[in-house]
Amino acid sequence: MIAKDIEIKNKLGLQARAAAKLVHTAARFKSSIKIKKGDEEVDGKSILGILLLAAGRGAMITVRANGEDEQAALEDIQKLIDAKFDEVE
Amino acid sequence: MSSRLAPANAMLTDRATRPPVPTRKDVRTYKGFGVSPGIAIGRAVIIERREASVFRVPIREEDVSSEVNRFLESLEKTREELLELKQKVSRSMGDEYASIFEAHAMIVRDPSFTDKVIQKIESEQVNAEWALAEVQEELQARFQSFDDEYLRERVADVKDVADRVQTNLQGIAHHELSEITHDVIILADDLTPSDTIHFNRRPVIGFATEAGGRTSHTSIIAKSLFMPAVIGVPRLTKMIDNDEMVIVDGYEGTLIVNPTQAMIAEYQSRVLRHEEAERRLLENRAEPAVTKDNHRIALQANIELVEELKDAIRFGAEGIGLYRSEFLYISKSPLLPTEEEHFQLYRSLAEATAPHECVIRTFDLGGRKLAREVIGSKEDNPVLGLRGLRLCMKHVDMFKTQLRALLRASVFGNLKIMFPLVSGVQELRQVKTLVREIRRELDEQGIAHNPNLKIGIMIEVPSAAMIADILAEESDFFSIGTNDLIQYSLAIDRSNENVSYLYEPLHPALLRLIKGVIDAGKHAGIPVSMCGEMASDPLYAVVLLGLGLEIFSMNPSSIPVIKNIVRSARYRDCRRIAELALLKKTAQEIEEFVIESVATRFPEGLISKAI
């Protein structure tokens, strides 16, 4: 199991479009993906779970991946978040 | 979803128990208010708010699994709809825009949503509609507790998805307007500005609503899109079925349902007659707006879409007296327009209008729904709340983006800026301080701006009208916004049909306020214009002319009519009419007096439309 703290940098935060992209990425991997903000942890493959985290711009989230492809999963998720979900600002 | 009190014998949803409405073949005529002239003939599409009441219906244990299946089917159907919509939108508007539907489709498939509903159906042995509504409410409550304003507003996504599933459960097909190929008349209880923007092209050719006063956003937008509209038709959506043939007569304010072939032919020839009349009106296009005794008036256009510029020019406008900048925000929502987008828009407007002036009003995401959509604020009394300049100053970063763009654009054409809903001098000083700060920033960055840019204010709050003399010392120009000035000074909600009869522009209080503003402007030597609806009414125009108003700004299509009035009037007579009108005691007395005076002084038929 590996984990990483990542800051949400896109303007609109983890709203529906961004959350959908995150779920898309997470769903490509066999590993289980958990996303935590504060005390709340949700399934990284559940769009509603991610929306309910209410992670706006500047929020710190912890992404946990557990499974055979955990390394690649975490890397791809980090890339997506760092690229601000390709959001047009 | 607010009312959940089921009648004792309710076994199903109220939609399901309602008998199918029989097709009514007879000709019916309904009366409302025509707010946007023109005639449109098309088939009815009824826009219903999807908030049908949902009843709790206990189900038998052996029916639970089929109820769950019913829910699963509605999910599948919703998902298919959404993916189809995604493809369609992606073709017309691009992948980025369409991706929202993919996100919605993912919600439909998310077990943390669907399992909850299924659990509720099973554990409480209730109908799927009820279980869905309960889960939806729980989810919405969680969104409402978010700190982040934008994410909190994203409750709309959950609501949208849940509503779609609910609709499919109840067996009601969605209308997707883009699939319709024949001409369509939109019928609704009420339309919000954002609705009207979605309906601004074919197949939509006209509107009719139950609610709405003469100056509601629906009517203003319908007018600016040159689409015939009739509002204030009681129970409209209950009386007319989808797909019935409807004639919207925006001149007379009537709706004719199921017209005969002869009636359709008659209306088609009426369209031609109106086109002919318009052509005749346009003959004065190149003539100046000057009275017989040589008093020069400027007639300008109110617009909100760039596309309307060509109409403004076609109807002979001498400048843009009011550009409503809200629509840039609405079209970009949920993102905010960038400084560059603002700049390009204002520059092109100013250049297209030059050498005449182009007055840009800073954003006034007024009263009702707009503010909620773009800003995310909820208020009990939005008309008296955060709107106009107050809203601008509250969201100062957003405001600065617009002001920077305006200042940059001010070196092009003859641009002026105007602030809405000023209620006192303090507010004006604050905003001018902000403008000075931005000027300094631009200077430091070596960015050009016009140091003599004129900054004016709307006079639309009674307090501002009362202290117009004080405001005139610190403002470069005034523009009287009569729609709000009337609603605030007479305490009339302009979209409430119960009191809209009290909306009296010729109320003595209004005439006194308007006179005070015009006089204060003259005394201080600053221009005073009027950009409210009142300026485009032929009868009122006579009085306003007499009160000394020199700049009238209105919907482009009203300009030729008002120009005819000005050109056939004597300023001296109008002054006399205004003086005597000010001595009358009621709006009715004033109106009767003005009609009578006009009848004796103006060529017959000129003002008949107003009378």
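Predicted model: local features only at pLDDT ≥ 70, side-chain atom pairs only at ≥ 80, totals over all residues.
Residues are numbered from 1 along each chain as its sequence is written, while chains are lettered from A and ligands numbered from 1 in the order in which they are written.

Visitor: Let's start with chain A. How are helix 1 and helix 3 of chain A oriented to each other, roughly parallel or roughly antiparallel?

Guide: Helix 1 (residues 16–27) and helix 3 (residues 70–82) of chain A have axes 9 Å apart and pack at an angle of about 160 degrees. Angles under 35 degrees count as roughly parallel, over 145 as roughly antiparallel, 65 to 115 as roughly perpendicular and the rest as oblique. Therefore helix 1 of chain A is, relative to helix 3 of chain A, roughly antiparallel.

Visitor: Which residues of helix 3 of chain A make that contact?

Guide: Contact here asks for C-beta atoms, placed from the backbone, within 7 Å. Helix 1 of chain A brings Lys21(A), Leu22(A), Thr25(A) and Ala26(A). Facing them from helix 3 of chain A are Ala73(A), Asp76(A), Ile77(A) and Leu80(A).

Visitor: Now to the interface. Which element gives the largest share of the side of chain B that touches chain A?

Guide: Here 18 residues of chain B are in contact with 17 residues of chain A. Helix 3 (95–109), helix 4 (111–124) and helix 6 (149–153) of chain B each give two or more residues to the chain B side. The largest share, seven residues, belongs to helix 3 of chain B.

Visitor: On to the strands. How many residues of strand 5 of chain B are buried?

Guide: A residue is buried if 20 or more other C-beta atoms lie within 10 Å of its own, exposed if 12 or fewer, and partly exposed in between. Strand 5 (residues 204–209) of chain B is mostly covered, and its buried count is six of six.

Visitor: What stands opposite Ala208(B) in strand 6 of chain B?

Guide: Strand 5 of chain B pairs in the parallel sense with strand 4 (residues 184–188) over five bridges, where Val184(B) has Val204(B) as its bridge partner. Pairing needs at least two DSSP bridges. Strand 5 also pairs in the parallel sense with strand 6 (residues 229–231) of chain B, over two bridges. There, the residue opposite Ala208(B) is Val230(B).

Visitor: Finally, how far apart are the axes of helix 5 and helix 7 of chain B?

Guide: Helix 5 (residues 128–144) and helix 7 (residues 155–169) of chain B pack at an angle of about 175 degrees. The separation of their axes is 10 Å.

Conventions: Axes fitted to C-alpha atoms, helices over the stretch in contact; angles between N-to-C directions. Helix = DSSP H or I, 4+ residues; strand = E, 2+ residues; numbered from the N terminus. Contact = placed C-beta atoms within 7 Å.
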